[in-house]
Amino acid sequence: MLIILKVCVLFLQVDLKDYMFSGLKDVTVGRLPGKVAGQQFLIQDCENCNIYIFDHSATVTIDDCTNCVIFLGPVKGSVFFRNCRDCKCALACQQFRVRDCRKLEVFLCCATQPIIESSTNIKFSCFQWYYPELAFQFKDAGLSIFNNTWSSIHDFTPVSGEHNWSLLPEDAVVQDHVPLPTTEELKAVRVSTEASRSIVPVSRGQRQKSSDESCLVVLFAGDYTIANARKLIDEMVAKGFFLVQTKEVSMKAEDAQRVFHEKAPDFLPLLNKGPVIALEFNGDGAVEGCQLIVNETFKGTKIFVSESKETAPGDVDSFYNFADIQMGI
């Protein structure tokens, strides 16, 4: 009974107006870190607005908005756009869905396959954003920065001979589409849109690969796994290679056998420590480049790296086929 009373009191203390923007026009509004704190949020009937939610939330619904800029911090569940047009967005979520919309530009981090329905001219790119609280908000929302299927779009209502969605140019500058806030209150959030500082690694996704050579790297759970993954990405990108895709997923012994083959026994003791992080790099010389960096920078740390240019495609296919099945993508 006491627990029920506490829940009721908490519910009564929540003012729903604090968790929605409705009927706004020609304004810049937002919520600072800590002000949403995992609640649901609603944005509706807004026009010519810049809206920034610098916090994590449970779900976000955006209805009937026109010509708006929208930034959403990590969303534990779904983000659902309905009847919107001419909007530019940057957001991270578990599920992303668009219905009855046209002319949206979305810089996206999504753990599952993004879905569009009865919509046209929807353009996607990889999420690219930083502010100091963002990494903790990803954890609070239960999202991994390495699980991002931003370019694997499923169109429920395809039209023969037409494309309802496309990818933004690879050189698209996020700040040109989703500008930083200009109000003094929101400028206090120390935002950066530089690719090198992005909390989510900037990947090429399903864009055409620049080379027929890829390399798979798998890092195993430990105190510095995320830091090591980021360092490896930075060094490979600095050498001119491209990050294609990333994944964080738990593996069992039988999974390791399928992916690592004869090397599996070397890694089996590490699987119980937590999820692995996989990275696919692309570019001429990617395998040798990766091996050199791993041997020089991560000496003494067990990391799987493709053995050769010839075996790497099989490594990539084996791992990501397993990971997609595991995550139900």
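Q: Is Gln 137 buried or exposed?
A: Buried means under 20% relative accessible area, exposed over 50%, and partly exposed in between, with a 1.4 Å probe and protein chains only. Gln 137 counts as buried because its relative accessibility is 3%. The model is a predicted one, in which local features need pLDDT of at least 70 and side-chain atom pairs count only at pLDDT 80 or more, while totals for chains, interfaces and linings use all residues. Residues are numbered from 1 along each chain as its sequence is written, and side-chain values use heavy atoms, with hydrogens and water left out.

Q: Where is Gln 137, and which residues does Gln 137 touch?
A: Helices (H or I, at least four residues) and strands (E, at least two) are DSSP runs, numbered from the N terminus. Gln 137 belongs to helix 2, residues 134–140. Contact means heavy atoms within 4.5 Å. Leaving aside residues up to four places away in sequence, Gln 137 touches Pro 33, Phe 54, Asp 55, His 56, Pro 74 and Tyr 131.

Q: How many residues does the largest nonpolar core have?
A: In soluble globular proteins, nonpolar side chains tend to be buried together. A nonpolar core is a set of buried Ala, Val, Leu, Ile, Met, Phe, Trp, Tyr and Cys residues joined through side-chain atoms within 4.5 Å. Here the largest has 48 residues, and Phe 54, Trp 129, Phe 138, Val 217, Leu 232, Leu 279 and Phe 281 have the most contacts inside it. Helix 8 (residues 286–297) gives the most to this core, with five residues. Domain 1 (16–197) and domain 2 (214–328) each supply at least three residues to this core. A second, separate core of 37 residues includes Ile 51, Ile 53, Ile 70 and Leu 104.

Q: Which residues of helix 8 are buried?
A: An α-helix has 3.6 residues a turn, so residues three or four places apart point the same way. In helix 8, the buried residues are Ala 286, Val 287, Gly 289, Cys 290, Ile 293 and Val 294. They lie on the same side of helix 8, because they cover an arc of only 165° around the axis, taken from the directions from the helix axis to the C-beta atoms. Glu 288, Asn 295 and Glu 296 are exposed on the face turned away from that buried side. Among the elements covering the buried residues are strand 13 (214–219), helix 5 (225–238) and helix 9 (312–327).

Q: Which residue in the loop between strand 5 and strand 6 has its place there?
A: The residue is Asp 64, in the loop between strand 5 (60–63) and strand 6 (69–82). Asp 64 has a positive phi of about 55° although it is not a glycine. Asp 64 is partly exposed, with a relative accessible area of 38%.

Q: How much area do domain 1 and domain 2 bury between them?
A: The size of an interface is often given as the accessible area lost when the parts come together. Buried area is the accessible area (1.4 Å probe) that two parts lose on being put together, summed over both. Domain 1 and domain 2 bury about 770 Å² between them, with 52% of it on carbon and sulfur atoms. In domain 1, Ile 145, Phe 146 and Asn 147 lose the most area to domain 2, together 66% of what that side buries. The domain bounds come from an automatic or database domain assignment.
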